[in-house]
Amino acid sequence: MWGEDRALSFLKNLIKKLPYERKEVCLHINSQELTRYANNIIHQNVAEENLNLYIRVGEGKKKVAISTSNLEEKSLENLIKDLDILLKSQPDTEELYLPDPEPIPSYEKKTFEPSPEKRADIVKKFIDKAEKNNLNTFGAISEEIGEIAVVNSKGLESYGTYAYSHGKVMYMGDGSGYQEEIGKDVDSIDYESLSERALQKCIDSKNPQEIDPGIYTVILEPLAVGELLEQIAYFGFSAKAVQEKRSFISIYQGQKIFKDNITIYDNGYDPNGIIFPIDFEGVPKKHVDLIKNGVVMGPVYDTSTAVKEGKKSTGHALPPPSTYPLPFNLFFVAGEKPLNKIISETEKGILVTRFHYVNAFLDPIRVLATGMTRDGTFLIENGKITKPLKNLRFTQSFLEVLSNVEEISKETYLIPNIGFARVPAIKVSEFNFTGKTEF
Amino acid sequence: MKGVRNLIETGKEILNYISRLGVDYADVRIVKRLREEIEVKNGILETAVKNETYGYGIRVLYNGAWGFASSFDFSQYKNIAEKALMIAKASAKTNKKRVTLAPAEIIKAKWSNSYKIDPFLVPFEKKLDLLFTADKIMREVKGITLTESSLSFFKEEKVFLSSEGTEIEQSILESGGGITAYAIEGSDIQRRSYPNSFGGDFRKGGWEFIEELDLVGHAEKIAKEAVSLLSAEPLPEMVTTLILDGTQLALQVHESCGHPTELDRVLGMEASFAGTSFLTLDKRGNFQYGSEIVNIVADATHPYGLGSFGYDDEGIPAQRSFLVKNGIFVGYLTSRETATILGEKSNGTMRADGWNRIPIIRMTNINLLPGNIPFEDLIASTEEGVYMAVNKNWSIDDKRLNFHFGCEIAYEIKDGKIGKIYKNPYYTGITYEFWRSCDAIADEKSWRVWGVPNCGKGEPMQVARVGHGVSPARFRKVKVGGK
C-alpha cells in the first residue's frame, strides 16, 4: 500500500502533465491473498499485488480513458500519446462529467497483513472436522486490503481504504452442505459456527428425494437471498439501466409495489457492512434507499448519469471501461422472527440453502431469472424439516418474489454480492420450480 | 512496451533467484497485455479505453505443495519469490499427499498467431466511422430505442520459464466486434445482435476480421427483427424438434461439454464454487454422451480459434484431442498435476488470466465436428420444429446436467420451411439426453469457430478467451417455451 500522502502526491504531479480542459486520475492498489482447498488438502494458495492507474480526460464534447499497471515513464508517455490521438480523432458526442470536491466522512480505517499461516490453520480445523465425519471439505479463505486515490481538475482530492476477509466452507459426502461469510478481517468470522452449519447441512442432505417441480412456498436462506438481491441490483438499481429503460425502476419509481416489510438500501459507511468510503471518481458513498417500506426508490448514480437528471452522484462509479454505476454495499433490512420460528410456522414448503448459476437476462425488467438450488434443499412439512430434496430448477421473476415475501428473519449474514450485502432469510409464497436434476 | 528479449532476461533473473531458495519446482510468467475497447451507444461514444497491464507471477512447488505470488512491481521480485515460497510452506502444513507433475518435454520456442492488419495501427477515426455508421443505420429503424456497437482488440506478449529448463515466448493478437439493437416497449425488451450477443464474435487475427464481419451491412436487418419481435407471440411451450444456430450451439458445447470435461472440476477442485461434473472417471470410454454422429474435440491448434495458442501456461505444446468420439465420452482437459491421476501426460490446457493469476485448466477450442448435410437440407428435411438463434441467457446445474438456455429469436419450421418468428424462446433439458437426441449436424460449409472472450472460472475469478467450432445441428424431442 502506498498511503494517502504518496498516492495523492503522485496523482497531483501526474495531472499537471495532462494538457486538457477536464481530467481525472485515479489510483487503485490492492493486495489480495486466497487459500483454496479441496478434498481435504490446500490445492491453490495465491497472493497478488495489483496497481491500476486510470486516466480520464475530456475536451468539449469528447472524452477518453486509459488505464495501466505499468508506471514506467516511457510506457506512461506512450499511453498519454495514445490518449491524445483517441481524444482528438473523435466527433463531438458527450462531455466528460466530473464531480465537485466534497468532504469525506470519517471512518474506521481497517488494515491487516494477510497471513497464509493463519488461513492454513483455519483450513486445518475444517479438514479435521471432515476427516472425523468421513467427509471431504472444499472452500476458500481470502483476505484483501486496498486503497483508492482520486484527483480531478475540479479540485477534488480523495483517498480511501478498505479491507475485508471472506470465508467459505463446503462439506461433501453422500450429500453436501455449504456456508460462507464476509468479515472485516479473518479473525472476525466465526469459522467454528460457519463450518458447523455447513457440516450439519451436509449430514442432513444425505439420500435426497425427488419432488415434482411446481409452485411452492419457499424459505430462502441468506445465501439464496443474496443471489436474488444481486440480480435485482445488477438489472434494476443502476441509473444507467433506468435511463435506458431496462430497469423496473423506470416503470415503478415512487410506487408501492412491495409489502411494507421490504426495505433495501445501499450504504458504504454502515459499520454493519464493509466500509468502502469512496467510489472510483472519488465521491464519498451516500446512503441510497432503493426500496423503502415497499416503495420503489433509487437508483444509484455516478457523475455522468446524475448530471443527465440534474442530480449529484451517489458515489457508485466503477472504473473505466464500465459506465454502469452499481450498488456495492447492500442491506436488506431484517425482520423480527428467528428463522427457526419461521420454519416451525410453515405447513408445507421448501427450504433453499443456496442458488447456483442464476441468470436474469431472460427478462431484465421483471428480473425473470432461472437457476438451480444446491448444497442443501429440504422439504418442510408441518413446521419441521422432514427430508432432503434433489436439486430443482426455478424460472421465476425476482420482483414477484419480493412481492410475495411473507416473513423476514431476524438473523442476517454479511456475504459477497456485487460488492457486499447483509441479508436475512425470507419466506416467499408461490415460488415457481420448473425443472429437476438427478442429484 | 519493452521488447520480448527483455522479458526473457527479466524472467531468467527471477527464476535464478527462486531456484536458489531450494524449491522442488518453479516457473515464472511475465505478461504484458494491451486492450482497446470502443463502444458507441445511441449515437454517443460511450467507451474509448486503452488498457495496459504488465507484471509477473511466480509459481513454486515446495515439499509437494503449491505457492503462488504475483506483482506489478519488478523491483520487488525477491520479496515476491519469498512470498510464493512462504505460501507453499503454509500449504504443505495441511497436505498429506504430495503434488506430482506429469513429465513434460523441455522446450525452447517462440510462437505467434497470424494476422494481416494490426488493429492497434488502424486509425481510430476508421474504427469510429464503422461504429457510428452501424449505429446510425440501426437507430433509423422506427421502434429502436437503444443501440450498441463495439470493437475490442487484445494483444499479449508473454514469456514462460521453468526450473526444468523450458523457455517460451508467445505473442497473441485478437480482434472482435458486434452490434445490438433493442426495441423496448413498457416491460417488453427485445433485442437482436450480430454476429453474436454479448459483444459479437472474436478470433485470433487482425482488422481484416472486422472488415469480414460487415457490421454495417447487417445493421438494418437486425434492427428490423428486434422491432418485429415486440409484436411476435412468445414461443408456445411444447416438446418438439429443435435446430440451433452456430452461436447458440457454441454456448451449448461450452456449458455442457467444455466445462464438464475439465479434469480439475471432475476431481473436485472447483466443487465449492463452480461445481463438479457428471463425467466422473468411471464414465470415460464407456458413457454414451451423445448420438453416434457427435464428435467433439479440444483443439488448441486451430488457426484462428480464440482458444488457440502455441504452448499452454505450463509450457505444454498445443494439442488436438477427442473428448467425445462417435458419441462416447473419451477424454478430459488436463494439466500436469491432474494428468498424473490418469497416468498420462498433460494435453496442454492450463492457462492463467494474465500475470497475477495462477494457471488453471481452461477450455481451448472445444469443437463439435461438422456433419454431412448442408444447412439448407437440414431445414428442408425437418417437417415441424423450431430454429433458435443467438444466446440471451444461460444456466446449468453444478454437475452440468440440467440446463436452460434462452435465445433472442425463434423461427417456426413447418414442412421444411422457415416460418414466423417467436419471441422470448428458451429450451431446457438434461445434457446427455439432449446430445443423444442429436440426429443431424450441418456440414463444414456452415462450420465456424466462435470466440467466447468471457469464460469465468476459479477463485479469484479468472476470465478466459476460448473458442467453439460448430455448425448448426438438430435435436429431437426437446422441451421449449417462451416465457
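**Note on a predicted two-chain model**

1. Asn42(B) is partly exposed, at 31% relative accessibility (buried is under 20% relative accessible area, exposed over 50%, partly exposed in between, with a 1.4 Å probe and protein chains only). Asn42(B) sits in the loop between strand 1 (25-41) and strand 2 (44-62) of chain B; helices (H or I, at least four residues) and strands (E, at least two) are DSSP runs numbered from the N terminus. Its phi is positive, about 50°, although Asn42(B) is not a glycine.

2. This is a predicted model, in which local features need pLDDT of at least 70 and side-chain atom pairs count only at pLDDT 80 or more, while totals for chains, interfaces and linings use all residues. Residues are numbered from 1 along each chain as its sequence is written, chains are lettered from A and ligands numbered from 1 in the order in which they are written, and side-chain values use heavy atoms, without hydrogens and water.

3. Asp375(A) also has a positive phi, near 60°, and is not a glycine. Asp375(A) belongs to strand 13 (residues 368-381) of chain A and is buried, with a relative accessible area of 3%.

4. The bond from Gly298(A) to Pro299(A) is cis, with omega near 0°, and Pro299(A) is in the loop between strand 10 (295-296) and helix 8 (303-308) of chain A. In chain B, the bond joining Tyr194(B) and Pro195(B) is cis, with omega about -10°; Pro195(B) lies in the loop between strand 7 (188-194) and strand 8 (201-204).

5. His259(B) is placed in the loop between helix 6 (246-258) and helix 7 (263-266) of chain B. His259(B) is buried, with 4% relative accessible area. Beyond its neighbours within four places in sequence, its contacts (heavy atoms within 4.5 Å) are with His254(B), Arg265(B), Met363(B), Arg400(B), Cys455(B) and Gly456(B).

6. Chain A has 10 helices and 17 strands. Its radius of gyration is 23 Å, close to the 22 Å that the globule rule gives for 439 residues, so chain A is as compact as a globular protein of that length (the radius is taken over C-alpha atoms; the rule is 2.2 Å times the number of residues to the power 0.38). The C-alpha atoms of chain A fill a box of roughly 70 × 50 × 35 Å along the principal axes. Of the 439 residues in chain A, 64% are buried. Among contacts in chain A with a separation of 6 or more, 72% join residues 24 or more positions apart.
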